[in-house]
Amino acid sequence: MKPRSFFYPLLGCLLLLGAWELLGRSGALGKTLPALSQVLSVFLDAPRRALLLRSAAATLGSAAIGYAAGACAGAAVAVLAHLVPILRGGLDRMAVLVNALPVIALGPILIITAGREDTPAALASVPVFFLLYISTGLGLRATSHRLDLMFTTLGAGRWQRLMKLESVAALPSILSGMKIAAGSAMIGAIVGEWFGAPTGLGIVVLNSMENFQIPLLWATVIVIAAITLASYGLLTLAERAARRRIG
Amino acid sequence: MATLALREVTRSFLRRTGSRGKQSFAALGPIDVRVPDGQFVALIGPSGCGKSTVLHLLAGLDEPTTGEVQINNLPPSELQAQHALGIAFQEHALLPWRTVEGNLRLPFEVAGLSSTKERIRELIALVGLNGFEHARPAELSGGMRQRVAIARALALKPKLLLLDEPFGALDAVTRRRMNFELERIWLESRPTTVMVTHSVEEAVLLADRILVLTERPGRVRIDTMVDFARPRPAALMRTPEFHRLADELTASLEPA
């Protein structure tokens with residue numbers, strides 16, 4: 001990367017952070033916008049840092065479990081719809097229905113069925129399922145017509161076509177879906193925690209808001225944003241690598 | 001080995017007319033052609049005359065509207081199932097994520113056969129791609145990609161080789177060179193071959209027999225044998241006999 005392509009984004013970030021610091025110190029927006037330095041000092045305080053780490057681990061765990069379950073289920077159902085075309089219309093409608101359900105409305109139902117501990121993971125899995133169903137289906141159908149004809153002339157069976165052609169060609173689209181789904185899983189997990197999970201970043205957000213611990217609230221939001229951005233960034237790299245290779 | 005029979009074959013397509021109703025229009029035929037085993041047939045004709053349709057019918061990628069297509073007295077789908085069909089399209093249709101070697105292994109994998117290192121090396125040498133075993137299609141030139149496609153078509157020693165404008169996307173110099181290479185490669189196993197081409201010279205240089213199709217719906221206008229001895233040297237292209245045949249065929253392509 002050229003140094004210049006670093007320079008301006010870095011400058012922009014520093015200016016924004018500087019403005020935050022000044023605005024916070026001046027108190028122009030009241031007590032709810034603390035200075036950046038005040039927020040960052042939360043991370044230097046050992047007990048609060050430990051709280052954030054413990055909560056982040058819990059939220060990340062639920063999000064990861066929900067993400068993995070939702071992604072596997074979404075991709076598997078998409079493959080089923082692809083292999084058995086007669087099911088596709090119905091499964092498409094079911095996926096749209098799943099997506100149309102407000103996650104918030106599902107919460108209370110999950111609390112009484114899955115329980116408090118598992119609700120965050122369950123809520124994380126719902127949007128991930130939908131995104132992976134759509135992106136996997138699109139990817140499987142995006143195979144080039146030429147390669148499709150080629151496999152027919154080679155005498156390839158349905159399974160060979162799926163394994164050697166369609167599933168590889170679908171990888172960039174699947175990774176693109178996984179990239180977007182990472183953020184959705186975090187949202188699902190945090191909302192799930194609001195329904196009464198024992199620990200997690202969602203709980204810290206609620207408690208710090210109710211107890212007016214404004215710097216802790218902001219610090220928690222920073223942790224959430226960092227996790228989401230990091231997972232998005234990693235999956236973007238994976239998607240790019242796949243697109244380079246699979247083209 | 002393969003003998004081909006197209007018996008009174010026609011192919012029509014449905015075309016939408018306006019907002020309602022569909023109209024059938026004839027794209028091909030009737031065509032009646034037999035090809036004996038080991039013959040190299042070139043199909044030429046005006047654009048849209050149904051040359052590629054003939055190839056798709058032989059490959060089992062399309063069904064005739066009336067009539068019958070048979071290879072060794074069986075429908076083309078049988079040949080697919082036997083993994084005995086080799087085909088190369090104008091666009092190479094290689095798997096972009098596989099190397100040259102990987103692409104050449106594909107027909108063996110699909111047929112459930114183990115591909116030996118020697119056979120792959122043999123194929124690579126046959127099309128002159130030594131040193132490019134581990135290159136991906138994106139790293140190869142157009143001519144090299146077509147060589148891989150042809151090597152893949154020949155990988156399982158097909159009974160029938162179908163070539164759909166295999167050199168259509170290449171520049172004139174590369175194309176000429178590939179023509180001579182194709183003859184050399186073809187002479188090694190002499191499968192029954194049908195090649196669609198726009199180039200009359202290419203047809204005269206490579207084929208045992210040339211079929212000229214009429215404008216749509218394509219019918220056989222001329223069915224002529226090409227008797228030059230093989231292997232055919234580049235000097236053949238400068239002889240009066242070559243030019244007479246090429247000129248005659250070119251004239252037959254002009255609209256009547």
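Trainee: How much area is buried between domain 1 of chain B and domain 2 of chain B?

Mentor: This is a predicted model, in which local features need pLDDT of at least 70, side-chain atom pairs count only at pLDDT 80 or more, and totals for chains, interfaces and linings use all residues. Residues are numbered from 1 along each chain as its sequence is written, chains are lettered from A and ligands numbered from 1 in the order in which they are written, and side-chain values use heavy atoms, with hydrogens and water left out. Buried area is the accessible area (1.4 Å probe) that two parts lose on being put together, summed over both. Carbon and sulfur atoms give 70% of the area between these two domains, which is about 1,300 Å².

Trainee: Which residues of domain 1 of chain B lose the most area to domain 2 of chain B?

Mentor: Domain bounds come from an automatic or database domain assignment, and domain 1 of chain B covers 4–84 + 158–253. Together making up 42% of what that side buries, the residues are His83(B), Pro158(B) and Ile185(B).

Trainee: Which residue forms a salt bridge with Glu181(B)?

Mentor: A salt bridge is a side-chain nitrogen of Lys or Arg within 4 Å of a carboxyl oxygen of Asp or Glu, and the rule finds one across this domain interface. With the closest N and O atoms 3.5 Å apart, the partner of Glu181(B) is Arg147(B).

Trainee: Which residue in S8(B) is the bridge partner of Ala42(B)?

Mentor: Strands (E, at least two residues) are DSSP runs numbered from the N terminus, and two of them pair if DSSP finds at least two bridges between them. Strands S3 and S8 of chain B pair in the parallel sense over four bridges, and the partner of Ala42(B) is Ile210(B).
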